[in-house]
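My notebook for today is open, and I want to look a few things up in this one. Here is what I am working from.

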Amino acid sequence: MIQLLANWILSFDILSGMGISVAWGLSLFIVAALIFVFVAANAIVLVYIERKVSAFMQVRLGPMRVGKFGTLQTVADALKLLQKEDIIPRSADKVLFIIGPWVILVASVVTFAAIPFSDTLLAANMNIGLFYIVSISSIVVLGIVMAGWASNNKWSLYGAMRSAAQIISYEIPVGITLIAVVAVVGSLNLQTIIQEQAGTGNLFHWIPIPLPNWFIFHSPFLFVAAFVYLIGATAEINRTPFDIPESESELVAGFMTEFSGLRWALFFLSEYANATLVAFLVSIVFLGGWQSPFADYEGTQIGFSIITLVAIMWTLFVRAKTGRLSVYPLGLSLVITIAAWLFPGFAIWMASPGIFWMLMKAGGIIFMLMWFRWTFPRLRVDQLMYVSWKVILPLSLINLMGVAIWMWLTGEIQF
Amino acid sequence: MSYFSNISSAITTLVDGMKVTMGYFVRPREHVTLQYPDEVWPIPTRNIGVGEIESYNTIRSKLVVDFEDCIGCKACERACPVDCIHIETFKAGPDEDIGTTKNDTKIKLRVTSFIIDMSECMFCDLCTPPCPEDCIRMTPDYQFISNDNVKLAVTPEERWRDRDHLIYEFSKVSPIERAQRQADAEKVAAAKAAAMEAKKAAAEKAAAAKAEQEAREAEKARAEAATATDSEAPPSPFISETPVDSAEPTPINIPTMESAPEPEPMDRIEVPMETIKTPEIPEVKPVSTETTAEPETSSEPDSSSEPENSSKGETENG
Ligand code: SF4
Ligand code: SF4
């Protein structure tokens, strides 16, 4: 993408004199700025969605006053945060206190460099993309420890230590789970991983249900691995139910206790950037990334028809349960289905890969994370360690071996 | 084995929990939270049992006074158990015609200030039955919130600033006129007091003269008695106590024009007219998402403040 951008810049007559290196640097800067803008806008949108989702799950309405349905609430909050006083405690370690939030933010933003949003839209097509993301995203914990240590506050330090212990524990099952996928593909390049998942096939290779060739449907082991990865990643990004580093009821705000204003906003930004990153990674590694779930336009029509049937059943179910008619899911799926049957162009567009599918899948995963967050109670520290070392780690090892055996059984690899 | 049953129970309970939250997520939330300023609950109507007046068929809430009908009899002020009504009246002159009430009662007192402190009112409705003109009454408006922090009425020192918007001034007499009335009343009172004092002084002078004469007579009588017998006569109590030089009015108790509290209400004259709350009964609308007007704003003194603002805006634009 940087190469494309540089070529595009050089294609203008006025700019062509600047030389390839200057154009390259300029496009690097533009791409970095774009990624940062994406992360910031993403945080603002996600905070609003999170507040709405939590409100709906708790039978509230959520923000309603600023803008229509409170849509501008997070913008107002962000403006308020920017104006706030920047407080550094007198006994804090000033240097670490200042660079801690930036380390966290940078570590979570730079991982987006390797995320392929579509087949062309990615900043850097690295052959070790997956490894890069996993390794860089664990730098976040360094910033957390910095922030917690520099605050010179027992809550902050506890939070930072817990975070360190947590990431050490959960990095291992997460890594092993990803290795299982890498074993299937034979590459660490994220684009290759996505391209491997094109087309449709049978569920678990033999069960005759036509499903996309995503790795979550590749084998029972990878199906479990997807959930193992989701759990481990939730723990890595410190989201509920694994939010013990900032557990509000025990540690005030954990490592964020002493931070206010802009620095605190940076924590928030990186928190949502991390959640988005996990969502992207799950959709890339297990859900086919930017691949469409439909093989061709007939597949789109049939697929949407099935979705409409499910929506009809869902509506009837809700009507039987609550006595109310919720028409929105049904109406939406009906409209899309009719459009898919009437306009072949639309169906073809739906069947084609692109950023739309990437964002849809990531959005679904983010909703899932929010769903987790507003459903589950927080784990105790020892329970957290139990889950990691005694449950998830053995499970991921079994998955790794199981995937290898599965591939030998299905004939994907021969000895 | 307990290891696996632990895991399976964990998974099933987590799935159960997620089902619960998803159930709430898809549930309609139509009447969960009342979007308060936009929608309000319908006010319950019930007869509070005083007469057959239509407006009484309501909950007991904010009081209003139909000021044109108030004759200033202070019956409501006396009835109030918490003394939160403060009325100031001045007698109209004999040739002044203030008007008549809706019951054709001639108003004889000029009510320059009619304050109800709603922060003290307990909505007992004891003040409304005694009113001979039915002009103080309860309204169904229960919303006392206000956006303005300006002083709406007189604020003696004992009042807290944050209650100011709950002190309602119903009198339509302007502060200037009120100060004028007060000054006039002071003048009349001073004149009266001076007249009283003069009269009293004259009476005292006469009394003193009389006492002196009596004393002289008593002296004479005693001397006569002393010459006649040696018995003692009781001393007269009047001699030492009677002031002799009381012809001039003493400064005590006589308010002169300097000591009259005229400068103090001058401060109040500065209070612009729009800061005084003239309550009206706002229309409280039933639940509906479309009502946008805050009921509170409708009870603001629109008539006085809005033309002011608009004219200001025009001049700024011009
Ligand atoms: S309702 Fe009761 S407390 Fe309120 S002003 Fe009337 S008499 Fe006083
Ligand atoms: S009782 Fe009625 S007429 Fe008398 S002072 Fe009160 S409001 Fe006025």
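**Starting at one valine**

I began with A:Val387, which I found in helix 16 of chain A, residues 381–410. Helices here are DSSP runs of H or I with at least four residues, strands are runs of E with at least two, and both are numbered from the N terminus. Before going on I noted that this is a predicted model, where local features need pLDDT of at least 70, side-chain atom pairs count only at pLDDT 80 or more, and totals for chains, interfaces and linings use all residues. Residues count from 1 along each chain as its sequence is written, chains are lettered from A and ligands numbered from 1 in the order written, and side-chain values use heavy atoms, with hydrogens and water left out.

Which residues does A:Val387 touch, not counting those up to four places away in sequence? I got A:Tyr170, A:Leu379 and A:Ile392, with contact meaning heavy atoms within 4.5 Å. A:Tyr170 sits 217 residues from A:Val387 in sequence, yet their C-alpha atoms are 9.4 Å apart.

**Chain A**

I looked up the secondary structure and got 16 helices and 2 strands for chain A. Of its 415 residues, 49% are buried, i.e. under 20% relative accessible area with a 1.4 Å probe, protein chains only. Among contacts in chain A with a separation of 6 or more, 72% join residues 24 or more positions apart. The accessible surface of chain A is about 19700 Å², 73% of it on carbon and sulfur atoms; that area is Shrake-Rupley with a 1.4 Å probe.

**Chain B**

Chain B gave me 7 helices and 5 strands, running α-β-α-β-β-β-β-α-α-α-α-α along the sequence. Buried residues are 31% of its 318. Its accessible surface is about 20200 Å², with 57% belonging to carbon and sulfur.

**Where B meets A**

I counted 20 residues from chain B and 20 from chain A in the contact. Together the two chains bury about 2000 Å², 71% of it on carbon and sulfur atoms; this is the accessible area (1.4 Å probe) lost on being put together, summed over both. How many salt bridges are there between chain B and chain A? I found 0, taking a salt bridge as a Lys or Arg side-chain nitrogen within 4 Å of an Asp or Glu carboxyl oxygen.

**Ligand 1**

Last, I checked the 14 residues around ligand 1, where B:Cys80, B:Cys121, B:Cys124, B:Asp125 and B:Cys127 come nearest. My cut-off was a heavy atom within 4 Å.

Technical notes:
Buried < 20%, exposed > 50% of the residue type's maximum accessible area, 1.4 Å probe, protein only.
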